[in-house]
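Please open the model in your viewer and keep the selection tool at hand. The stops below can be taken one after another.

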Amino acid sequence: MGVLLMATPLLLWLVLLVLLPHIDLLMVSLRERISYGKYEFSFVNYIEFFTEPLYWNTYVRTATMSILATALTLLIGFPVAYYIAKVMRGRAKNVLFLLCLIPFWVSELVRTFGWMILLRESGVVSHFLQWAGLVDGPVEMLYNDVTIMVGLVYTSMLFMVVPLVSVLDSLDDSLIEAGYDLGGNAFTVTRDIVIPHAMPGIASGCIVVFMLTLGNYLTPTLLGGKSSLWFTDQIYTQFITRFNWETGSAFGFLLLVLSSFIVWLGLKLSRQTLSDTVG
């Protein structure tokens, strides 16, 4: 009885804020507006998605770029996390970890605007390149896929570094020393000792980064402009611009299915379970 009472807030949160909204999202997506205030059951919203190339291509593009952003975040974040966890000691370790946290003391909107100030045609980087004589005129670095990727990786880095630092901290240094003593090199020790031990943190970080990136709206829209072709922008358009809640709900549910499938596939490929990544 005591356990049930303690779990009640969590159960209420899951039911009221997660389960019921998603059930309602599914129900709204399965109806078609016949006239004002009149609806009937229909798959027309999903048919529209699969028959309109713009929606389908945007859906696939968003998934592909989210996976790529997750992979890049892991490649950059793993050495950083390893350096913090296993190389740095004492106060320097805490200071370096704090430096990773500082950019996240402000909102994502402010950080994204910061990138726009740096990369726009009249921005800091363009002025520096002209001053250094590397270019003849202003350079516009916004509104392309590379800039979107930079913004996505930057805004997600903390969520990869933190779980990796936590799991690498628990790795006994003597295991690494033993690997070198037995004739291993940096590559084999990392492959056979460090990565297997860090796999729960890798899976956890990748899941969080992927889901945040897939559902990101501000960064792709601001850094990519009208040509960003991000699926969350399509959902925003259906809900806010066209007031088409039925199609918007279908798109939202499809995004949920996509994220769930890729997370499940990632767990299977990494041979991890959901309890391993959150435990």
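Predicted model: local features only at pLDDT ≥ 70, side-chain atom pairs only at ≥ 80, totals over all residues.

Residues are numbered from 1 along each chain as its sequence is written, and side-chain values use heavy atoms, with hydrogens and water left out.

Begin by selecting residues 59-266, which UniProt, in an unreviewed entry, lists as "domain: ABC transmembrane type-1"; such annotations may be inferred rather than shown by experiment. This stretch is 79% helix and 0% strand, and its end C-alpha atoms lie 19 Å apart. Helices here are DSSP runs of H or I with at least four residues, strands are runs of E with at least two, and both are numbered from the N terminus.

Next, colour the segments that the unreviewed UniProt entry calls "transmembrane region", among them 63-84 and 201-219. Residues 63-84 are 100% helix, with end C-alpha atoms 31 Å apart, and residues 201-219 are 84% helix, with end C-alpha atoms 25 Å apart.

Now select Thr-70, Ile-202, Cys-206, Ile-207 and Gly-266, which are the closest to the centre of the largest pocket among the 17 residues that line it. A pocket is an open set of points on a 1 Å grid over the protein atoms alone, where a 1.4 Å probe fits, with protein on both sides within 12 Å along at least five of seven lines; lining residues have an atom within 4 Å of a point. Helices α3 (53-87), α9 (186-214) and α12 (245-270) each supply at least two lining residues, and the largest share, 7 residues, comes from α12.

Move on to α11 (residues 231-241), where the buried residues (under 20% relative accessible area, with a 1.4 Å probe and protein chains only) include Phe-231, Ile-235 and Phe-239. The buried residues of α11 pack against α2 (44-51), α3, α9 and α12. After α11 comes Phe-243, whose phi is positive, near 55°.

Finally, select Ile-117, which lies in helix α5 (residues 108-119). Is Ile-117 buried, exposed or partly exposed? Ile-117 counts as partly exposed because its relative accessibility is 43%, the class between 20% and 50%. Leaving aside residues up to four places away in sequence, Ile-117 touches Gly-123 and Val-124, where contact means heavy atoms within 4.5 Å.
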